[in-house]
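Please examine the structure below together with the briefing that follows. The briefing is intended for a reader new to this structure.

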Amino acid sequence: MNLTMLNIRRDICGYCGACVSVCPEGALELIDAYLTVEDACINCGICEKICPLGALEVIKE
Amino acid sequence: MKRQYDMLVVGGGPGGAFAAKTAAEKGLSVCLVEKRPAIGTPVRCAEGIGKELLTDFLPPDPKWISTDIERAELVAPDGFSMLLEPSKAGNEVGYILDRKVFDRELVWKAAEAGTETYVKARATAPIMRNGAVAGAVIEQHGKKYEINADIVIAADGIESKFARWAGIDTTVPYKEIETCAQYLMTGLPIDSKRTTFYLGNEIAPAGYLWVFPKGDGTANVGIGIGGDKSGDGHRAKDYLDRFIAQKFPNGKTIELIIGGVSVCKPLASTVADNMMIVGDAARISDPITGGGIYNAMYTGRLAGQTAIAAIEAGDTSREALMPYDTTWRASKMGKAIERNYAIKEVFTRLNDEKLNSIVHSISKINLEHFSTLTLLKELMKANPSLLLELRHLRSVL
């Protein structure tokens, strides 16, 4: 059971794709003007760290 | 959209556009897909390019040139500033482009050469046959199309997924992404012929902050910081906002531009059976400046030329496309990336004190050319003792 998840704050995200390039699992994808996260996400937090705007957050439940 | 082309280009930036234009001009059937609804937007760029680099590709046109740059200013962490004026010695500096118009123009030219172009059309998966790329599934307006092609060009930029889907690891190490934020601002009290670069670990750790004028008191005011320096409360935008509050409190923001620039080594291989990877997708932006427009156009054109030869010879295997990879690596651009990667590895670790003394010592040099190479060569000559840590770079310079 996955107790953490990656939350994409669409109100903050500027859909630049920087996070897609650093994702070690290839779990993020930029579809035109919105970002998607797939099940392959391992909640490593790399995207959360490098986002220029702070639109990504790993939520621990 | 046909079902079969000689070449399918994924991505409508400068790399994809030049690959398509080059191949279409020689009579190949070319399809270019761009996932966004408009070419050239949203901008992900500071828009600077060296004059000599640009004119390699197309004659300058005022339609997509915002400003003609004559000088550059470098500001040390302690506030000390020095001016580089190569134009005084008759040498060219650079342009600040209008990428929205520039990128459109390039795709326009590709289309005029015969390329079929589709926007709001996204590659969602490669078509794989016997372990090799044979085309792509393209989604447009809610429909899926299977497009076969002898050669696919992955020109899908920093957020590249196509090569990864085809089995190539394109992950940028997070320490080697410059995370960037920029405002297009107006009402700025600036010299419209001068670019300014600010250095320092307080201002832009493992990166730099730039002011690139766009005419009439407007400018791209932006920053890139090292991925490992970024986090909550100290992101690229936080550093930029702090700088602007202090430096341009009366400036007005017209546009927010964000993005990532890779400063890692290029992909270990930029070819596979029936596929070539160009531009930012190949991780070939300059590790010192972050510049990628020329590199994308150069690799795009080279990939187009390689595709023509391969299709003529009836062999589009990895081996047949390998000249693309070896040629760009051996080119002036390839050598510059290799050298600037080594330099970046040293520079991003320098403390402010060291950066200060470097800028102070460069200011004593009369620079006639504007390039990182000239700058570094002169710096080594002028102050060898200061740069003990850069000793091992002598070989690459």
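**A glycine and its surroundings**

B:Gly292 touches B:Asp280 and B:Ser285 when residues up to four places away in sequence are not counted; contact means heavy atoms within 4.5 Å. This is a predicted model, in which local features need pLDDT of at least 70 and side-chain atom pairs count only at pLDDT 80 or more, while totals for chains, interfaces and linings use all residues. Residues are numbered from 1 along each chain as its sequence is written, chains are lettered from A and ligands numbered from 1 in the order in which they are written, and side-chain values use heavy atoms, with hydrogens and water left out.

**Loop and helix**

- B:Gly292 lies in the loop between strand S18 (275–277) and helix H6 (293–313) of chain B; helices (H or I, at least four residues) and strands (E, at least two) are DSSP runs, numbered from the N terminus.
- H6(B) has 21 residues and spans 30 Å from its first C-alpha to its last, close to the 30 Å expected at 1.5 Å a residue, where the expected span is 1.5 Å times one less than the number of residues.
- In H6(B), 16 of the 21 residues are buried, that is, under 20% relative accessible area (1.4 Å probe, protein chains only).
- B:Gly314 follows H6(B) and has a positive phi, near 70 degrees.

**Annotated positions**

- An unreviewed UniProt entry lists several residues under "binding site", including B:Gly15, B:Ala123, B:Asp280 and B:Gly292.
- The listed residues are spread over 279 residues of sequence and also in space, up to 29.2 Å between C-alpha atoms.
- UniProt positions follow the numbering used here, feature names are shortened, and annotations may be inferred rather than shown by experiment.

**B:Ala123**

- B:Ala123 is placed in strand S9 (residues 121–129) of chain B.
- B:Ala123 is buried, at a relative accessible area of 8%.
- Leaving aside residues up to four places away in sequence, B:Ala123 touches residues including B:Val10, B:Phe162 and B:Trp165.

Technical notes
Buried means under 20% relative accessible area, exposed over 50%, partly exposed in between (1.4 Å probe, protein chains only).
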